[in-house]
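Please look over the structure below before reading my notes. They go through it point by point.

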Amino acid sequence: MITVYGFIAEPSEELRRDAADADLVVGGRRHLDALGVEEDKRVVLGRIAPAIDEMKKDLNRKIVVVASGDPLFYGVVRRIRAAGLKVRVVPVVTSLQLAFAAVGLPWDDALLVSAHGNDPVPAFDACRRHPKVGILTDPKNTLPQIVEATAGLGKTYVLAEKLGSADEQIRVMNEAEARMITDITSPNVVLVLDHHPDEPEALGEQHPIVGGFDAVPQI
């Protein structure tokens with residue numbers, strides 16, 4: 001049995017119990033350290049393919065996979081399922097939902113994109129074109145790169161760091177202020193907005209389709 005757990009800030013008691021009882025625990029180093037997983041049963045996630053190969057060696061084992069945020073949203077479940085493995089999923093709130101909640105903004109009209117381990121160009125292009133974007137970042141593509149990609153457009157940036165933890169930090173800034181930020185901590189996500197979150201215009205409009213699209217192509 002493979003169980004995939006989402007992870008935000010601190011592991012749940014259910015995850016702690018399952019990880020302690022598991023034969024194999026797969027996750028990022030910080031996740032495994034937080035759970036106190038013994039060296040002989042941990043697989044540190046870098047690329048997902050080697051971890052999948054390790055899981056396939058013996059599917060009769062109890063296997064726990066730990067993933068940041070919601071593992072169904074730009075997460076590991078797609079790759080694991082695509083490899084032919086069945087999983088049980090225990091999700092958590094996605095980090096982007098927490099970021100929008102932190103500044104009190106509805107997010108049903110937001111465009112949600114990922115520059116985490118991906119070509120960042122499509123995500124950065126979305127930030128330029130759309131009035132409300134939530135972007136999953138990685139160490140190479142975070143606030144400075146996003147600001148550079150949207151320079152001169154009058155955007156407001158929300159840098160949400162270590163969401164859900166005691167060290168959570170939410171910073172709202174304009175372009176000039178964002179360019180001065182050097183003390184960025186991981187993990188983090190960024191919201192790119194046409195308006196400051198406190199402005200009524202930032203609320204946006206409710207649409208029948210998430211992301212603010214009014215229609216779908218007719219078949």
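The numbered points below cover the domains, their interface, one annotated region and a few local features.

1. Basis. This is a predicted model, in which local features need pLDDT of at least 70, side-chain atom pairs count only at pLDDT 80 or more, and totals for chains, interfaces and linings use all residues. Residues are numbered from 1 along each chain as its sequence is written, and side-chain values use heavy atoms, with hydrogens and water left out.

2. Domains. The protein splits into domain 1 (2–90) and domain 2 (95–202), with bounds that come from an automatic or database domain assignment. Their C-alpha centres are 28 Å apart.

3. Interface size. Five residues of domain 1 are in contact with 11 residues of domain 2, where contact means heavy atoms within 4.5 Å. The two domains bury about 570 Å² between them, and 76% of this is on carbon and sulfur atoms. Buried area here is the accessible area (1.4 Å probe) that two parts lose on being put together, summed over both. In domain 1, the residues that lose the most area to domain 2 are Ile8, Phe73 and Tyr74, together 68% of what that side buries.

4. On the side of domain 1 that touches domain 2, four residues are nonpolar, none is polar and one is charged. In this scheme Ala, Val, Leu, Ile, Met, Phe, Trp, Tyr, Cys and Pro count as nonpolar, Asp, Glu, Lys and Arg as charged, and the others, Gly among them, as polar.

5. Salt bridges. The structure as a whole holds 17 salt bridges. In one of them, the side chains of Glu13 and Arg16 meet at 4.0 Å, N to O. Glu13 and Arg16 are separated by about one helical turn because they are three residues apart in helix H1 (residues 13–21). Helices (H or I, at least four residues) and strands (E, at least two) are DSSP runs, numbered from the N terminus.

6. Arg29. This residue is in helix H2 (residues 29–35). Leaving aside neighbours within four places in sequence, Arg29 is in contact with Arg42 and Val44. Arg29 and Leu45 are 16 residues apart in sequence, and their C-alpha atoms are 7.3 Å apart in space.

7. Backbone points to check. Most residues other than glycine have a negative phi, and most peptide bonds are trans. Ala9, which is not a glycine, has a positive phi of about 70 degrees; it lies in the loop between strand S1 (2–7) and H1. Ser186 and Pro187 are joined by a cis peptide bond, with omega about 0 degrees. Pro187 lies in the loop between helix H8 (175–179) and strand S10 (188–193).

8. Annotated region. An unreviewed UniProt entry lists residues 20–177 as "domain: Tetrapyrrole methylase". UniProt positions are given in the numbering used here, feature names are shortened, and annotations may be inferred rather than shown by experiment. Over residues 20–177 the chain is 32% helix and 23% strand.
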